[in-house]
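I opened a new notebook page for this one. I want to jot down what I looked up, piece by piece.

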Amino acid sequence: MANTTAAGGRFIEAETNSVSARRSFIGRSLIWLAVCAFALVVALQTLDATGLWRLGFENWRPTLYAYGLFCVLLCSGIVLARGERGWRALFLLPAALFTVAVAIFPTLFGLSIAFTDWNLSSVSGQKFNGIENLVQLVHDPFYINALLNMIYYVCAVLFEYAIAFCLALLLNADVKARKFWRVTFLLPFMLSPVAVSWMIGKSMLETRFGPVSRFVRWIGVQTPSFFGDPVWAKIWIEAMDAWVSIPFVMILLLAGLQALPKEVQEAAKVDGAGPWQGFWQITFPLMLPVSVTAIVIRMIFKLKLADIVINVTSGGPGGATDTVSSFIYREYRDRSNVGYGTMLAMVYLVIIVVFVTILLNVLSRSMRRMT
Amino acid sequence: MTAATTASLASDDARAAVRRHIRSRLATIGIYAALVIWAFVSLFPIYWTLTTTMKVAKDVQLGHLIPWVDFQPSWLGWRGLGLSPDTWASTSTVRDEFILRFTNSVVVGFGASALAVILGSLAAYGLSRFEYKFLWMRNRDISFFFLSQLILPPVVLALPFLVLYKELALLDTHFGLIMLYTLTVLPIVIWIMKDQFDTIPNELDEAAQVDGLGPWGTFLRIVLPIALPGMVAAFILSLILCWNEYFFAALLTSTDAKTLPVLVASQTGSQGINWWTMAAVSTAAIMPLVVVGVLLERYIIKGLTAGSVK
């Protein structure tokens, strides 16, 4: 008894008192040094950039180096100042500092661009214009059109899910050479959307010589035009994206199916329930959590859809296949309109965050009600 | 019970058994038919691209499909790239260009995946083992902070990065692309690795600590070797995503750091391009990953399913 308390006491002592005052002081000074050095470089560069004090910096590289130094000093300072706890924090710090520099800062920087009139190809440079971009955005029929298209694309995830579920059931059935089928079905996921754009969009769907056009003509359609008609263009773009991404959903669902307890499935068969009933009453409800995960992840990825649209239709015909990403891409490529383009992207981000939050809330609430 | 009814019952049973047998046969046939159909859907575009690299104009126009039966394969597409056996020895600017893009893709892909796996594994181990508190954020919030980066669409970062990289003189550099690609795959790596570390029992760590290893010693010597398969899975998945990434590469590179997808895309834009050369470019772009997919399928599935099945 006395032994354990002594050990416990020593343990607490080690936790709290492992760093000497001297070491802690050096550590804390290092942190302050890091902050000051970084702030100094940023201040100097800002002065130089605004033209208040010409120092002859060629670019903002020094700030980048200063940030690197700041990270190193900060990490070593924390380890010195906090001992064991510092070592623990060191696991998380690199990723956090990286994310702050590469995701948080650019996003905030983007916000500051979004409210300016800034065309990279014009000489006038950046000009603050308040909410003018926002007003222009609301009256931009092409942007609204792209947003509406995103609704279609996101809803199409449910079709991908249905097909993927069928495939997962097939792979989960008692079939020979299961590994061969699994590898085969997984392959499209490996391919680059850009290559797929050519392989399917430009080559197989080519109206004169493509194998699909040949097949369609053979069925009796005289003049196949896959990307001329808005409705068909939408369907074909979605089909290509589905081809690439169905394997991903399928693998998630297959893992879910394989994790189901075998007795449950056996029970379904013995009860005399047909395979159809057995599926809807037992397998499908049990698979709901995995299904929801798969669909949500897939929807999040779908919201980034751009490559195939950019390379196959450039959003045409008449914006029928445009996604928000491909529209903003062209807005920049054709007009170098950085200010307006960033505003479009920021509004899209807000819409996505709201959508995903609502989606997750509704889902978690309904899941809770069901279980 | 008369003998007649028993006999009819028995024959009923037999008939039911036959019916069940036929039904299960039909089901089996149906399953295999569906498997073959989808295998065809999955493989035909790849097959079509592969064979088109060896077709001359006539074969393309006539829609010939099967080499040696329908048409006589030639090295046409590969010759255009300077990669056919007869052009292999001679110098070719097209080939040099292609090899440069290929190397760029390799450098950027491997660099970003390695960086992401290092940063992500460290963070995931920390989040899985220790209690953190930063301002109001605890472990759950910090995990969510990292994972929420997944929602961020590339288009939000693209234009700010264009401006920032211009100021930092990082446009068209490997370093710039590696930073961005690391960011895009970091949440996925953290997700996979956190799942991986959570399955390794904490007792191992405690035993190592008793032996006098600090948190880093425990991590490097004890936990890391066990978590290696997970790291391989995360690395391969990152590699696939980086290799195929097009959006950032198209906006942020022009001559030096241009990657393979950008090369493929720039060829599709031009009208009247040789189909066979285009097919060869596409094939060369997808083949490394097809090989990876066939050989390392186990790891890819491990990476994809991490944390989703609980």
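I call two residues in contact if their C-beta atoms, placed from the backbone, lie within 7 Å. I'm working with a predicted model, where local features need pLDDT of at least 70, side-chain atom pairs count only at pLDDT 80 or more, and totals for chains, interfaces and linings use all residues. Residues are numbered from 1 along each chain as its sequence is written, while chains are lettered from A and ligands numbered from 1 in the order in which they are written.

**Domains**

I began with chain A, where the assignment gives domain 1 (17–114) and domain 2 (138–370); such bounds come from an automatic or database domain assignment. Their C-alpha centres lie 42 Å apart. How many residues of domain 1 of chain A are in contact with domain 2 of chain A? I found four, and they meet five residues of domain 2. The domain 1 side has three nonpolar residues, one polar and no charged. For these classes, Ala, Val, Leu, Ile, Met, Phe, Trp, Tyr, Cys and Pro count as nonpolar, Asp, Glu, Lys and Arg as charged, and the others, Gly among them, as polar.

Next I checked chain B, which splits into domain 1 (1–43) and domain 2 (93–305). Here the C-alpha centres are 49 Å apart.

**Between the chains**

I looked up the contact of the two chains: 74 residues come from chain B and 75 from chain A. On the chain B side, helix 1 (residues 3–52) gives the largest share, twelve residues. Helices (H or I, at least four residues) are DSSP runs, numbered from the N terminus. That side of chain B divides into 57 nonpolar, 15 polar and two charged residues.

**Helix 9 of chain B and its partners**

I then took helix 4 (residues 93–129) of chain B, whose axis comes within 8 Å of that of helix 9 and crosses at roughly 140 degrees. Axes are lines fitted to C-alpha atoms, for helices over the stretch in contact, and angles run from 0 to 180 degrees between N-to-C directions. By class I noted 13 nonpolar, six polar and no charged residues.

Helix 8 (residues 202–210) of chain B packs on helix 9 (residues 215–244) at about 130 degrees, with axes 10 Å apart. Among the contact residues are B:Leu204 of helix 8 and B:Ile222 of helix 9.

Definitions and conventions
Helices (H or I, at least four residues) and strands (E, at least two) are DSSP runs, numbered from the N terminus.
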